[in-house]
Amino acid sequence: MLRDITTLLAKDFRLEWRQRSALGGLLLYVGSTVFVCFLSFSLRGGTPPPPAWNALLWIILLFAAVNAVAKGFMQESAGLRLYYYSLVPPQAVILAKMLYNALLLLAVATVALFLYVVLLGNPIQNLTLFVGNLALGAVGFATTLTLVSGIAARAGGNGATLMAVLGFPVMIPMLLLLIRVSKNALDGLDWSVSSSSVTTLVALNLLVGAVSYLLFPYLWRG
Amino acid sequence: MSKPVLGIIISVISLLLTIFAVWGGQRLIEQRSAGLAWKALTVLLLLAASTAGLLIDVPRLPIVNESIRNLFFHVPMWFAMMLVLLVSVWYSVRYLRNPSVRLDILSHEAAKAGIVLGLLGLATGSLWAKYTWGAWWTPDPRLNAAAVALLIYGGYLVLRGSFRDEQQRARISAIYNIFAFAAAIPLLFILPRISGNSLHPGQTGNPGFNKYDLDSTMRPVFYAAVIGWILFSFWLTQVSSRLSLLQEKINENQ
């Protein structure tokens, strides 16, 4: 199982590296949205107020995550799926995919935060909490969206729209928690204020991961 | 008895009650006989609770005043929605373990009944909010939660609409039903408690059970309304799933 996961993970990274256009497109997407924010705020004195700063960062990350995760299962044809099915258990596929998406989104979030801080100023007062929360958010987006992307890929046709329709409602509660903790980190509030939200986030990530793990074999069987 | 122990006992009892209600709901929905007794009880309870809800004396609390009567309509609708959605999820679980057209139809119709009750609950709540808070919609945690729940089931209907193959539609919508319910619905109960700035009544403790309905004249009417609306949601599911099953049969014979 563990060897299957590492093999699949290595395969995903190799594919990504050979097809650099997708990765480049993703980074360019993040870069250009941050740049558009920078341009629109530079009309009025440069840095946005902290609430707007926070909201925009999470919107950029949310859409980048949907774009990044969406292509994961959609690239794979039915024949390829059958081939994997004969080689590895479906649990290995979903775990490898979630892990891969989590790593990809962590990288995207780091790049986005760096560009964002460089261009739009740095109002963060508690950096450890902010970065920890960002990592938790990237992992959470990955776990939630991986199964949703598998579902959307099966529906065919307009997969990206369907992914937004199916994924956003599930992500809103998580996003509310993330934005709350991120606001606390921006304002430099004490850890005790955000501890219950962070515990809920960790629990939510575990729950979503576990449900995906249980449901994916059924998705794959057909 | 100490407070945490009492809390655990209450939680266990409500869990058992919920499991019993889901099991009983499935029995009622799948029932083959006419089931006159429980349907008569539903009509009686709903009529009695609505009449009494409009006529009995209610405590005059500041701000809410007469609008407290919404407790007899709005809250039972949400209870019924949660329960019938749980029934739908349980049918989805059963579908994945043992696929059949019948279980798919039952799960779909239960979800639709839940959506109808959710829309009713949203309408009554919005009306209440207009008179007590002065706005149709506010960014209150509990209201956000209601919107999320309806968006999820909107997504479920869109997903069902985007398949041509029936078996695939049944399997994948069952997966989404379970996933979305497990990922979002529990949080909708937790989030308002974490944020702690909700204006919505029943914000701490069990939703709906707080100082507003401590009044002993309101309790029996409230309980009657809850049971009545829950039975109504099962009835609705039964009728619509019977219709779908008959349509399915006609399609097969053609």
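Two residues are in contact if their C-beta atoms, placed from the backbone, lie within 7 Å. This is a predicted model: local features need pLDDT of at least 70, side-chain atom pairs count only at pLDDT 80 or more, and totals for chains, interfaces and linings use all residues. Residues are numbered from 1 along each chain as its sequence is written, and chains are lettered from A and ligands numbered from 1 in the order in which they are written. Helices (H or I, at least four residues) and strands (E, at least two) are DSSP runs, numbered from the N terminus.

**Helix pair α3(B) and α7(B)**

- Pro76(B), Met77(B), Phe79(B), Ala80(B), Leu83(B) and Val84(B) of α3(B) meet Ala225(B), Val226(B), Trp229(B), Ile230(B), Phe232(B), Ser233(B) and Thr237(B) of α7(B).
- That contact holds 11 nonpolar residues, two polar and no charged. Ala, Val, Leu, Ile, Met, Phe, Trp, Tyr, Cys and Pro count as nonpolar, Asp, Glu, Lys and Arg as charged, and the others, Gly among them, as polar.
- α3 (residues 74–97) and α7 (residues 218–253) of chain B pack at about 45°, with axes 8 Å apart. Axes are lines fitted to C-alpha atoms, for helices over the stretch in contact, and angles run from 0 to 180 degrees between N-to-C directions.
- α3(B) and α7(B) are therefore oblique to each other. Angles under 35 degrees count as roughly parallel, over 145 as roughly antiparallel, 65 to 115 as roughly perpendicular and the rest as oblique.
- The crossing of α3(B) past α7(B) is right-handed. A crossing is left-handed if the near helix is turned anticlockwise from the far one by less than a right angle, and right-handed if clockwise.

**Helix α6(A) and its partners**

- α5 (residues 90–120) of chain A packs with α6(A) at about 140°, axes 8 Å apart. That makes the pair oblique.
- α5(A) and α6(A) cross in a right-handed sense.
- In this contact, α5(A) residues including Ile94(A), Lys97(A), Leu105(A) and Leu113(A) meet α6(A) residues including Leu134(A), Ala138(A), Phe141(A) and Thr146(A). By class there are 14 nonpolar, three polar and one charged.
- α3 (residues 50–74) of chain A packs with α6(A) at about 45°, again with axes 8 Å apart. The crossing of α3(A) past α6(A) is right-handed.
- Among the residues in this contact are Leu61(A), Ala65(A) and Phe73(A) of α3(A), and Gly137(A), Phe141(A) and Ala153(A) of α6(A). The contact has 11 nonpolar, five polar and no charged residues.

**Core**

- The largest nonpolar core has 134 residues. A nonpolar core is a set of buried Ala, Val, Leu, Ile, Met, Phe, Trp, Tyr and Cys residues joined through C-beta atoms within 7 Å.
- Leu105(A), Ala112(A), Ile151(A) and Ala80(B) have the most contacts inside this core.
- Beyond neighbours within four places in sequence, Leu105(A) contacts Ala65(A), Ala68(A), Ala138(A), Phe141(A) and Ala142(A).

**Chain A against chain B**

- 25 residues of chain A contact 25 residues of chain B.
- On the chain A side, α6 (127–155), α7 (159–187) and α8 (191–221) each give two or more residues. The largest share, 10 residues, comes from α8(A).
- That side has 18 nonpolar, six polar and one charged residues.

**Gln91(A)**

- Gln91(A) lies in α5(A).
- Gln91(A) has 17 C-beta neighbours inside 10 Å, so it counts as partly exposed. A residue is buried if 20 or more other C-beta atoms lie within 10 Å of its own, exposed if 12 or fewer, and partly exposed in between.
- Leu215(A) is 124 residues from Gln91(A) in sequence, yet 9.3 Å away in space, C-alpha to C-alpha.
- Not counting residues up to four places away in sequence, Gln91(A) touches Tyr213(A), Phe216(A) and Pro217(A).
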